[in-house]
Amino acid sequence: MPTIYINKYIDWTKDLTYQISDRKDLDYFTQKEISDEEFAKLSDDVKTNVEEIKNLINNII
């Protein structure tokens, strides 16, 4: 199962990545293993709308 990371920064911005962020202002991160189906939705080959990504982030945090 692939792992995704929700990175939160000191300025309260967040992003979704496939590895731990290397930004210096990283406050904390949450990691989650996701199913291949969920991963496929996030891949570059499949168009994922912003609402689906927000829902995924909210389910993790």
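Two strands count as paired when DSSP finds at least two bridges between them. Helices (H or I, at least four residues) and strands (E, at least two) are taken as DSSP runs, numbered from the N terminus. The model looked at here is a predicted one, so local features need pLDDT of at least 70 and side-chain atom pairs count only at pLDDT 80 or more, while totals for chains, interfaces and linings use all residues. Residues are numbered from 1 along each chain as its sequence is written, and side-chain values use heavy atoms, with hydrogens and water left out.

Start with the overall layout. The chain holds 2 helices and 3 strands, and reading along the sequence gives the pattern β-β-β-α-α. The 3 strands make an open sheet in the order S2-S1-S3, with antiparallel pairing. At its edges sit strand S2 (14-17) and S3, each of which pairs on one side only. Ignoring direction, neighbouring strands of the sheet are turned by 20 degrees against each other on average; axes here are lines fitted to C-alpha atoms, for helices over the stretch in contact, and angles run from 0 to 180 degrees between N-to-C directions.

As a general point, strands of a sheet pair through backbone hydrogen bonds, either parallel or antiparallel. In this sheet, S1 and S2 run antiparallel and are joined by 4 bridges. Asparagine 7, for one, has aspartate 15 in S2 as its bridge partner. On the other pairing, 7 bridges join S1 to S3, again antiparallel, and isoleucine 6 stands opposite threonine 30 in S3.

How much of all this is tucked away? Buried means under 20% relative accessible area, exposed over 50%, and partly exposed in between (1.4 Å probe, protein chains only). Of the 61 residues in the chain, 23% are buried. For S1 the count is 6 of its 7 residues, so this strand is largely enclosed by the rest of the structure. The accessible surface of the chain comes to about 4700 Å² (Shrake-Rupley method, 1.4 Å probe; for residues, only the protein chains shown count as cover). Carbon and sulfur atoms own 49% of that surface. As for contacts (heavy atoms within 4.5 Å), residues 24 or more positions apart account for 41% of those in the chain with a separation of 6 or more.

Next, the aromatic rings. Rings of Phe, Tyr and Trp (its six-membered ring) pair if their centres lie within 6.5 Å; planes under 30 degrees apart count as stacked, over 60 as edge-to-face and the rest as tilted. That rule gives 1 aromatic pair. Tyrosine 5 and phenylalanine 29 have ring centres 5.8 Å apart and planes at 65 degrees, so the pair is edge-to-face. Because tyrosine 5 lies in strand S1 (residues 3-9) and phenylalanine 29 in strand S3 (residues 26-33), the pair ties together parts that are 24 residues apart in sequence. Tyrosine 5 is buried, at 14% relative accessibility, whereas phenylalanine 29 is partly exposed at 34%.

Charges also sit over rings (NZ of Lys or CZ of Arg within 6 Å of the ring centre and within 35 degrees of the ring normal). Arginine 23 lies over the face of tyrosine 9, at 3.6 Å from the ring centre, and lysine 8 lies over the face of tryptophan 12, at 4.0 Å.

Tryptophan 12 itself belongs to the loop between S1 and S2 and is exposed, with a relative accessible area of 66%. Most residues other than glycine have a negative phi. Tryptophan 12, though not a glycine, has a positive phi of about 75 degrees. The hairpin around it, formed by S1 and S2, has 4 residues between the strands.
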